[in-house]
Amino acid sequence: MQIRTAITAALATTALVGTGLLVGSQVSLLPVAASTNAPPYDSLFRVLFSIGTILFLGILIVLAYSLIRFRRRPGELAEGLPIEGNLPLEIVWTAIPAVVILFVGIYSYDIYDRMGGMASLDHGAMQHQAMDHGSMNPTQMDPTQLADGIEASAERIWGGIGSTQAYVDQTGDGSEASAAVPPLPVEVTAMQFAFIFHYPDNDITSGELHVPLGQPVQLRMQARDVIHAFWVPEFRLKQDVIPGQPTVLSLTATRAGTYPVICAELCGPYHGGMRTSVVVHEPDDYLAWVTQNTPATTA
Amino acid sequence: MTVADPSALQPGLQPRGWLRYFSFSLDHKVIGLQYLVCGFFFYLVGGALAGVIRTELVSPIADFVSRDTYNEVLTLHGTVMIFLWIVPVVNGAFGNYLIPFYVGARDMAFPRLNAVAFWMIPPAGLLLISSYLLAGAAAQSGWTAYPPLSLTTPAAGQVVWILSVLLLGGSSIFGAVNFIATVLKLRRPGLKMMQLPMYCWAMLGTSLLVVLSTPVLAGVLILLSFDIIAHTGFFNPALGGNVVVYQHLFWFYSHPAVYIMVLPAFGLVSEILPVHARKPLFGYTTMVYSIMGIVFLGLIVWAHHMFTSGTPPWMRLFFTIATSFIAVPTGIKFFNWLATLWGGKIALNSAMLFSCGFILNFVFGGITGITLAQVPFDIHVHDTYYVVGHFHYIVYGGTVFVIFAALYHWYPKFTGRLLNEDLGRLHFLLTFIGFNLCFLPQHWLGLNGMPRRVAEYDPAFTTLNQLSSVGALIMAISTLPLLLNVVVTALRGQSAGDNPWNALTPEWLTSSPPPVENWHGEAPLVTEPYGYGHTPAESGR
Amino acid sequence: MTTTNPSDLRSQTQPDEATPSAHAEHQHHDARLFGLATFLVADGMTFAGFFAAYLTFRAVNPLPEGSTYELELVLPSINTVLLLVSSFTFHRAGRACLADRPQACQGWLAVTAGLGIAFLAGQMVEYFSLPFGLTDNLFASTFYALTGFHGLHVTLGVICIAVVTLQSRRGGAVSASSPFGLEAAELYWHFVDGIWVVLYALLYLL
Ligand code: HEM
Ligand SMILES: [Cu+2]
Ligand SMILES: [Cu+2]
């Protein structure tokens with residue numbers, strides 16, 4: 001009897017874990033992966049999904065089993081067993097989640113590191129210059145409320161993802177994505193209710209983001225009025241754009257195409273409409289786009 | 001500080017009958033029910049606001065209400081549901097009703113303060129929902145009121161919002177002081193802490209969180225109001241201020257706030273399960289420790305709401321780890337509840353159905369919570385519908401389900417009558433289906449690119465949004481059987497007797513409804529509130 | 001019938017030793033000071049929030065050119081001494097009250113209130129002599145918010161002292177046998193003092 005219970009439990013656990021792993025490896029709930037950051041993200045997602053499935057199904061099964069097996073039949077007045085606890089058992093189910101959590105934590109740290117999340121932010125900040133706000137002023141805000149003070153601390157980078165280098169090194173697939181290529185700087189200005197992209201190297205200003213395939217890009221972001229957030233679901237990347245606190249976001253696109261850029265921080269009545277596109281070009285097409293759009297004076 | 005005056009408790013000085021529910025009553029049971037009914041009223045208000053949101057989102061364009069109104073509605077919805085429904089009911093209503101029974105007292109430690117705390121709520125709530133009339137516009141910056149947005153939206157509405165939240169926070173602090181004093185100081189002689197029903201521990205932990213974190217919210221909102229009214233620049237970057245400091249202080253309160261909303265629910269479930277499973281609560285001691293562990297960890301994880309807010313890498317890392325570890329004490333509680341059910345004699349009545357629904361929903365929300373705690377994961381889904389799904393699984397699927405379970409469980413105590421079981425099961429079924437239909441698809445929406453707090457969205461997401469709105473409609477319908485149940489029960493409900501569930505916790509050892517000072521004679525000393533199963537099943541007659 | 005029945009619990013249910021009302025009164029006395037202390041913890045957290053905000057601003061948001069964190073130290077230091085002495089005089093008032101010497105108690109209370117008022121007056125003088133106004137810069141705003149919030153607490157404390165003094169007259173609510181009102185005011189006053197010491201260290205000395 002004891003042995004049979006043990007075997008049943010072992011089999012059930014194996015089946016459960018197997019199901020979880022299977023489900024986790026099969027799910028595709030995410031949009032297409034279009035940056036170097038996306039594949040590690042997706043594997044983290046699959047791991048978490050597996051663990052989650054195992055946990056949820058396990059609890060669902062135990063709960064459903066208990067409700068059926070131990071239900072009180074009509075007219076029955078008997079009591080349950082007077083068991084008040086079981087220390088070894090409780091230690092086990094404290095230890096197992098702790099170990100799983102530890103594993104998840106270490107694993108996601110690794111992913112984060114591979115995304116370049118642990119790279120120093122100042123690295124990217126070195127060439128950063130205060131942006132020129134004089135040329136554009138489409139904001140509807142009360143100008144007395146938020147004025148020039150925003151640029152006061154422009155040198156300092158407050159947060160974000162500093163570099164994609166670490167990860168680019170590891171992919172090793174395309175030679176053009178090697179660490180030697182310096183990141184392409186793009187200045188991003190967010191305002192109610194638009195993103196403006198400025199390419200300091202060529203003095204291009206655009207309402208759409210254009211990036212070359214496989215080359216690291218560094219977005220240097222500032223907000224004019226309130227907090228916004230730059231989000232491209234296909235890149236699995238998001239960063240708040242904060243007035244007075246410049247942030248950076250580094251990425252390398254890996255799949256040509258057009259993807260949405262979405263504002264993800266409530267910024268006013270037209271927040272839902274604050275979106276544009278990012279176009280990932282083949283390197284040659286990108287060069288063509290640059291030539292086409294470079295202002296005559298600098299060209 | 002309000003001073004307890006024993007003579008004020010004399011029944012003769014209090015109005016009688018239904019009128020006392022509209023009076024400045026000092027009876028903890030009256031106050032508890034005042035909290036409950038008042039909270040339920042605001043639940044209906046908040047639900048109507050949710051209806052507006054889901055109607056707007058039936059189509060991908062902003063066509064139902066104006067964009068400003070939409071933001072007002074979502075701000076009011078969040079504020080009403082949190083500060084006027086969940087917190088007052090799961091703390092104030094059940095806390096006030098049950099805690100004095102559980103510690104063997106005749107009332108709370110400070111009855112007058114208690115009444116004051118309750119009577120701050122209706123004016124604050126009415127102030128909030130009438131801000132349109134008072135100020136011409138309601139707050140539009142979400143329940144989080146992040147500056148600088150909250151400094152640039154219509155000022156009067158935002159100030160009314162701040163005022164109202166300050167009042168509600170004050171009420172919550174007064175309540176917490178009272179709970180702590182009652183549990184620690186008013187225990188009947190001979191009753192040890194480790195013999196208290198679990199809900200007392202839950203309320204003690206919750207009240208600690210309230211006392212330690214709510215004042216910080218009050219402080220930061222006062223600073224915010226200075227920025228709006230006096231044009232200081234604390235959170236105004238144009239004046240050299242720092243918007244992220246606001247977020248830190250806000251979440252220093254508002255993460256604990258999520259535990260303020262759910263710990264009491266944990267406590268209530270711990271009371272309900274043993275009664276209907278006829279088994280002792282499994283692992284009492286570890287349950288107590290895990291509550292205190294959650295309280296401690298809950299205070300040091302706030303920045304997981306700010307992973308994309310320009311937080312430095314070390315901070316992202318620390319808060320990932322601290323947040324993940326909350327899963328351990330939380331997990332203990334769930335395993336202990338399952339172990340409580342295992343081997344019991346389970347009556348699957350409405351109270352039990354809602355409790356089991358809570359377990360499932362909360363586990364789901366907890367799992368998505370763990371995923372959100374991982375920085376790299378959260379960077380993608382932060383501020384999307386995935387987060388909306390997560391916290392509704394926790395707050396609605398968790399706490400609101402428990403409130404309903406508690407209603408079915410304690411209604412006979414409140415009124416002496418049993419709620420109708422058939423209507424109760426229908427209520428559960430509709431709520432469970434509607435809830436999952438409404439919030440499950442939102443995870444997919446978030447993962448695929450729908451941000452939260454938008455009135456318009458990518459047409460590719462239309463079908464799932466419509467599904468979600470149908471779920472919301474079912475949830476709205478699901479309140480009808482509940483309301484009908486209350487009416488039917490009032491008209492010709494089955495008399496419950498004093499203790500219809502044969503429960504052992506002290507509130508059941510007096511008449512239903514209980515007399516004014518709770519016991520006809522001495523307060524009983526209950527040292528084994530979960531002493532079920534002591535009569536072996538086999539020796540049954 | 002095998003279901004555990006509450007009436008079987010008689011063994012666990014023993015009569016109360018003390019009469020309920022006597023018991024309740026005794027408990028209430030304890031609980032009130034305890035409740036006040038809990039409330040003061042909450043109040044202290046409000047200050048903690050302000051302090052945290054102030055320190056963060058100071059650490060990460062540089063002041064604009066020409067502004068400074070330097071403050072005149074003489075007046076605030078005198079004020080600090082006044083408050084510390086007032087804590088001592090309040091303590092003496094409490095002792096006098098317990099020793100059933102209401103006259104002495106009222107005397108010490110008057111001295112305490114006087115010190116409190118002197119502190120507030122000093123604060124006002126400082127406000128009017130400062131080179132910056134509320135909205136001049138982040139430090140100025142934080143300075144006024146913190147000292148103002150503390151000043152409100154002192155004002156409330158002075159009012160409490162006045163009330164307690166009235167109550168401690170013969171036949172009043174505060175006496176050697178029921179010192180709660182006085183003890184509560186004293187606890188509060190010490191708390192406000194303690195906050196000031198932290199505030200002084202962080203705002204003036206740092
Ligand atoms: C297992 C434990 C939990 C973990 C690990 C967890 C984790 C998180 C994280 C990381 C976020 C931030 C997501 C984001 O904005 O990007 C979040 C949001 C939220 N969580 Fe949880 N959570 C847990 C349990 C709870 C509980 C118990 C509640 C409430 C009773 C709750 C309510 C909320 C709410 C309301 C939000 C959203 C706040 C907002 O942005 O408006 N969570 N949770
Ligand atoms: Cu936006
Ligand atoms: Cu949180």
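**Entry 1: terms and conventions**

I note first that two strands count as paired if DSSP finds at least two bridges between them. Helices (H or I, at least four residues) and strands (E, at least two) are DSSP runs, numbered from the N terminus. The model I examined is predicted, so local features need pLDDT of at least 70 and side-chain atom pairs count only at pLDDT 80 or more, whereas totals for chains, interfaces and linings use all residues. Residues are numbered from 1 along each chain as its sequence is written, chains are lettered from A and ligands numbered from 1 in the order in which they are written, and side-chain values use heavy atoms, with hydrogens and water left out.

**Entry 2: strand β6 of chain A**

I looked up how strand β6 (residues 216-223) of chain A is placed. Eight of its eight residues are buried, so the strand is largely enclosed by the rest of the structure. I record that buried means under 20% relative accessible area, exposed over 50%, and partly exposed in between (1.4 Å probe, protein chains only). Both faces of β6(A) are covered. On one side I found A:Pro216, A:Gln218, A:Arg220 and A:Gln222, and on the other A:Val217, A:Leu219, A:Met221 and A:Ala223.

I then traced the partners of β6(A). Strand β2 (residues 184-191) of chain A runs parallel to β6(A), and seven bridges join the two. In this pairing A:Thr189 stands opposite A:Gln222. Strand β9 (residues 247-252) of chain A runs antiparallel to β6(A) and is joined to it by six bridges. There I found A:Pro216 opposite A:Thr252.

**Entry 3: a five-stranded sheet in chain A**

I next followed an open sheet of five strands, whose order is β5-β11-β10-β7-β8 (chain A) and whose pairing is mixed. The edges are held by β5 (209-212) and β8 (237-241); each has a single partner strand, so one side of each is left without a neighbour in the sheet. On average, neighbouring strands of this sheet are turned by 25° against each other, direction ignored. For such values, axes are lines fitted to C-alpha atoms, for helices over the stretch in contact, and angles run from 0 to 180 degrees between N-to-C directions.

Within the sheet I checked strand β7 (residues 228-232) against strand β10 (residues 257-263): they run antiparallel and are joined by two bridges. A:Phe230 stands opposite A:Cys263 in β10(A).

**Entry 4: copper and iron in chain B**

Which residues coordinate the copper ion (ligand 3)? I found B:His255 (ND1), B:His304 (NE2) and B:His305 (NE2), at 1.9 to 2.0 Å. Donors are N, O and S atoms within 2.8 Å of the metal (3.2 Å for Na, K and Ca); water is not among the atoms, so sites may look incomplete. Along the chain, the copper donors follow the spacing H-x48-H-H. One of them, B:His304, is buried, with a relative accessible area of 12%.

The iron atom of ligand 1 has a single donor from the protein, B:His390 (NE2), which is 2.2 Å away. I located B:His390 in helix α15 (residues 385-415) of chain B. The copper ion (ligand 3) and the iron atom of ligand 1 are 4.5 Å apart.

**Entry 5: salt bridges**

Side chains of opposite charge can pair when their charged atoms come close. A salt bridge is a side-chain nitrogen of Lys or Arg within 4 Å of a carboxyl oxygen of Asp or Glu. I noted seven salt bridges over all chains.

One of them joins the side chains of B:Arg278 and A:Glu79 (2.8 Å, N to O). B:Arg278 lies in the loop between α9 (243-277) and α10 (284-298) of chain B, and A:Glu79 in the loop between α2 (38-69) and α3 (87-114) of chain A, so the pair joins two chains. B:Arg278 is buried, with a relative accessible area of 2%, and A:Glu79 is buried, with a relative accessible area of 2%.

In chain B I also looked up B:Asp383 and B:Arg452, whose closest N and O atoms are 3.7 Å apart in a salt bridge. B:Asp383 lies in the loop between α14 (375-381) and α15, and B:Arg452 in the loop between α16 (421-448) and α17, so the pair ties together parts that are 69 residues apart in sequence. Both B:Asp383 and B:Arg452 are buried.
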